[in-house]
Amino acid sequence: MGSRALLTSQELYGRALELLPGGVNSPVRAMRSIGRDPIFVARGEGAEVIDVEGNRYVDWVMSWGPLIAGHAHPEVVSAVQAAAGAGTSFGAPTEAEIQLAEEICARIPSAEMVRMTSSGTEAAMSAVRLARAATGRDRIVKFAGAYHGHVDGLLADAGSGLATQGIPASPGVTAAQAADTLVVPWNDRDGVERALAAGEVAALLCEPYPGNMGVVPPAPGFLEFLREATTAAGALLVFDEVISGFRVARGGAQEREGVIPDLSILGKIAGGGLPAAAYAGPRTLMELVAPAGEVYQAGTLSGNPLATAAGLATLGLLDEDAYRRLDDATRALAEGIEAAASGLPVRVQWTTGLLTLFFSDRPVRNYDDARGCDTDAYAAFCRAMLERGVYLPPSAYEAWFVSAAHDDAVLDRIADALPDAARAAAAATEEAPA
Ligand SMILES: Cc1ncc(COP(=O)(O)O)c(C=O)c1O
């Protein structure tokens with residue numbers, strides 16, 4: 001095969017638009033909400049991505065969470081290579097699946113048994129099915145601004161200040177699918193109580209440390225309240241720890257907060273950058289899943305050997321010291337941003353390994369607050385950072401993901417870029433129509 005000229009991101013985007021809806025395989029990557037075209041990535045190294053034109057960026061997206069060890073970590077790569085050499089998929093059980101399940105159960109307090117899937121969406125969908133089967137009820141309560149994958153019923157988002165019946169948030173979701181979903185504002189105890197009082201609630205789903213409206217931690221005592229309120233209502237409490245699991249602590253938010261859900265949804269880090277996710281819980285619930293029980297759920301590539309190997313290798317790198325360093329790096333990042341943006345109306349909200357810079361003069365406690373932020377200022381900030389070699393989430397409502405590869409040298413690079421980007425954000429704020 002002869003060599004061909006390398007294409008720029010712009011040229012590749014032109015081709016992609018002909019073949020992929022919006023030029024991408026997942027919407028946020030298109031960078032539309034920051035008003036520019038996407039960057040096509042050629043490779044990743046540690047805390048950096050390198051685009052097809054050879055530009056290097058400090059990466060704060062890290063594939064949206066799985067890459068807590070950094071890009072192409074040698075131990076993860078060699079584990080995947082070794083697994084691939086022995087066969088890429090069998091559709092039959094392997095020992096590595098037991099090892100990964102053991103590792104998950106050793107870390108996640110609520111997990112006694114695990115069922116692996118290929119994506120967080122699938123795990124969330126299956127956990128909901130299991131909760132409905134276990135309780136004999138249909139309704140689900142979720143929080144506005146929480147994302148649990150693109151499961152039909154979970155895309156419902158009324159987004160109002162009250163617990164309301166869900167309305168479809170996407171064409172193609174039927175009214176019937178949305179009708180069983182009640183949507184409540186995050187951190188709103190009254191809203192939760194009203195939704196549970198509606199009756200017939202199978203499960204309340206939450207991201208215990210929400211990351212999909214930006215990082216919006218629970219108010220003190222809120223997770224404990226959810227535990228008590230769901231138990232009293234006979235509903236299951238389901239923690240979606242697809243982001244927070246293995247990130248905010250060894251055993252996720254549930255270990256850190258000491259609040260134990262009935263079911264947990266896991267993903268991202270569990271597959272170390274390859275497609276793997278899981279749902280987990282006590283034996284009494286998990287043995288309702290086929291073939292132990294009658295709740296059907298299956299997957300051609302579930303427990304895939306490459307994904308299992310990547311997950312095990314990644315989790316093997318995450319000891320207590322790794323979490324201390326992750327926490328230190330996130331704190332240093334938060335302090336650096338606060339210093340560079342002093343004088344601007346910003347809020348930095350963060351926890352171990354996760355951070356969001358909100359352009360707001362008030363704390364962000366729920367989705368309505370998040371939507372009140374200045375997204376034009378964030379877009380200008382984000383574009384300016386990209387021009388200075390820093391790749392941030394191209395949306396004001398996403399978390400920045402810190403990894404073990406984000407060392408002092410990387411933090412210095414962002415510190416250099418921050419003042420100019422803060423000025424760009426300030427200019428965008430001033431230009432905005434009153
Ligand atoms: C909290 C949460 N749950 C579920 C999902 C869905 O996972 P996946 O993209 O693997 O389907 C995501 C994805 O970002 C997520 O952040």
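Which residue is the bridge partner of Leu-354 in β15? In β15, that partner is Phe-401. Colleagues, the model before you is predicted: local features need pLDDT of at least 70, side-chain atom pairs count only at pLDDT 80 or more, and totals for chains, interfaces and linings use all residues. Residues are numbered from 1 along each chain as its sequence is written, and side-chain values use heavy atoms, with hydrogens and water left out.

Let me stay with that sheet. Helices (H or I, at least four residues) and strands (E, at least two) are DSSP runs, numbered from the N terminus, and two strands pair if DSSP finds at least two bridges between them. Strand β13, residues 354-358, is joined to β15 by two bridges, and the two run antiparallel. The open sheet has three strands in the order β12-β13-β15, with antiparallel pairing. Because β12 (347-351) and β15 (400-401) each have a single partner strand, they stand at the edges, and one side of each is left without a neighbour in the sheet.

I turn now to parallel pairing. Strand β5 (residues 139-143) pairs with β7 in the parallel sense over four bridges, and Lys-142 stands opposite Val-183 in β7. Strand β7 (residues 181-184) is covered on both faces: Thr-181 and Val-183 on one side, Leu-182 and Val-184 on the other, are all buried. Buried here means under 20% relative accessible area, against over 50% for exposed and in between for partly exposed (1.4 Å probe, protein chains only).

Next, the nonpolar cores. Such a core is a set of buried Ala, Val, Leu, Ile, Met, Phe, Trp, Tyr and Cys residues joined through side-chain atoms within 4.5 Å. The largest has 71 residues, of which Trp-60, Phe-381 and Trp-400 touch the most other members. Helix α13 (residues 375-387) gives the most to this core, with eight residues. Another core, of 30 residues, lies apart from it and includes Val-216, Ala-229, Phe-239 and Val-364.

Finally, the ligand. A backbone N or O atom of Gly-120 lies 2.8 Å from an oxygen atom of the ligand. A polar backbone atom of Tyr-147 is 3.4 Å from a ligand nitrogen atom. A polar side-chain atom of Lys-268 lies 2.9 Å from an oxygen atom of the ligand. Taken alone, the ligand exposes 390 Å², and the protein buries 81% of that, with areas from the Shrake-Rupley method and a 1.4 Å probe.

Key: A polar contact is a pair of N or O atoms within 3.5 Å; within protein, one must be able to donate a hydrogen and the other to accept it, and residues adjacent in sequence count only if both atoms are side-chain atoms.
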